[in-house]
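Please read them with the coordinates open beside you.

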Amino acid sequence: MIYQALDVPMKDGRIHALELTARTRDEASEDIMADQIEEEIQNEVKAHKILIYGKGTKTMPMCGFTRETMQFFDKYGYPYELIDVLSQPAKREALTKITKWPTLPKVFIDGTFYGDTDVLDPMAAKGEIEPLLKKAFGK
C-alpha cells in the first residue's frame with residue numbers, strides 16, 4: 001500500500017497520511033515505467049525531424065502500412081527514422097495514449113503528430129507536405 005503524505009506537517013511536527021490508496025508497489029512501478037516510456041518517446045520525437053513508429057525495420061518492414069509510409073517519405077528524399085514497436089507493447093500503448101491514434105504506423109514531423117498515410121496522402125495531394133518538410137529541415 002502507498003500513503004500520500006500531507007505537504008504541511010502538523011503543529012507537533014508529525015506528518016499524517018492524507019489517503020491510503022489501493023495501489024501496490026507493482027502498480028506504482030508500472031506508473032514509473034509508463035512515465036519513463038513517455039519521456040523516451042518525447043526524446044525520440046525531438047531527435048528526429050521525421051519519425052515513424054511502425055512494425056519492423058527499414059530493411060525489413062513487418063507491415064504493409066509501415067512499408068507504405070516508408071515509400072511515402074522515400075519519394076521526398078529527406079532522412080527519416082523508423083522505430084520498431086512491434087515487440088514493445090508498453091510503448092505501443094503509450095503512443096496510443098499520447099496520440100489518441102489506435103493504429104500503426106504513427107508519424108511525427110518536426111515534433112508534431114500527423115497520423116499515417118491516411119492523413120499524409122491528402123496533405124500531399126494539396127501540396128502541403130513539401131513545404132512542411134522544407135520547414136522542418138530548414139530549407
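1. D110 has a relative accessible area of 38% and is therefore partly exposed, a class lying between buried (under 20% relative accessible area) and exposed (over 50%), computed with a 1.4 Å probe and protein chains only. The structure is a predicted model, in which local features need pLDDT of at least 70 and side-chain atom pairs count only at pLDDT 80 or more, whereas totals for chains, interfaces and linings use all residues. Residues are numbered from 1 along each chain as its sequence is written, and side-chain values use heavy atoms, with hydrogens and water left out.

2. The side chain of D110 meets that of K49 in a salt bridge, at 3.7 Å from N to O; the term stands for a side-chain nitrogen of Lys or Arg within 4 Å of a carboxyl oxygen of Asp or Glu. This pair links distant parts of the chain, 61 residues apart, with K49 in the loop between α1 and β3 and D110 in the loop between β5 and β6. K49 is likewise partly exposed, because its relative accessible area is 37%. D110 also takes a positive phi near 50 degrees in the hairpin of β5 and β6, which has two residues between the strands.

3. By the rule given above, the count comes to four salt bridges. One of them joins K97 to E38, with the closest N and O atoms 3.2 Å apart, and this pair spans 59 residues, from K97 in helix α3 (residues 89-99) to E38 in helix α1 (residues 25-47). K97 counts as exposed, because its relative accessibility is 55%. The side chains of K91 and E44 meet in another salt bridge, at 2.7 Å from N to O, which links helix α3 to helix α1 across 47 residues. Here both K91 and E44 are buried, and salt bridges that share partners join E40, E44 and K91 into one network.

4. As for the overall layout, the protein chain has five helices and six strands, taken as DSSP runs numbered from the N terminus (helices H or I, at least four residues; strands E, at least two). Along the sequence they follow the pattern β-β-α-β-α-β-α-β-β-α-α. Of the 139 residues, 33% count as buried. Among contacts (heavy atoms within 4.5 Å) between residues at least 6 apart in sequence, 51% join residues at least 24 apart.

5. Which residues of β5 point one way, and which the other? K106 and F108 point one way from the strand while V107 and I109 point the other way, and all are buried. In a regular strand the side chains alternate between the two faces of the sheet. Strand β5 is joined to β3 by four bridges, the two running antiparallel, and V107 is the bridge partner of I52. On pairing, two strands qualify if DSSP finds at least two bridges between them; β5 and β6 pair in the antiparallel sense over three bridges, with F108 standing opposite F113 in β6.

6. I109, which lies in β5, counts as buried because its relative accessibility is 1%. Leaving aside neighbours within four places in sequence, I109 is in contact with K49, F73, Y114, L120, L132, L133 and A136. T69, in helix α2, counts as buried because its relative accessibility is 0%. Not counting residues up to four places away in sequence, T69 touches I52, P105, V107 and T117.

7. In helix α5 (residues 129-136), I129, L132, L133 and A136 are buried. Seen down the axis of α5, these buried residues fall within an arc of 95 degrees, so they line one face of the helix; the arc is that of the directions from the helix axis to the C-beta atoms. They pack against β3 (50-54), α2 (64-74), β5 (106-109), β6 (112-115) and α4 (117-125). Just after α5, G138 takes a positive phi of about 65 degrees.

8. M60, M62 and L86 make a nonpolar surface patch of about 310 Å², where patches are made of residues with over 30% relative accessible area and no salt bridge, like charges being joined within 9 Å and nonpolar side chains (Val, Leu, Ile, Met, Phe, Trp, Tyr) within 5 Å. M62 is found in the loop between β3 and α2.

Definitions and conventions. Areas by Shrake-Rupley, 256 points an atom, 1.4 Å probe, with all protein chains shown as cover.
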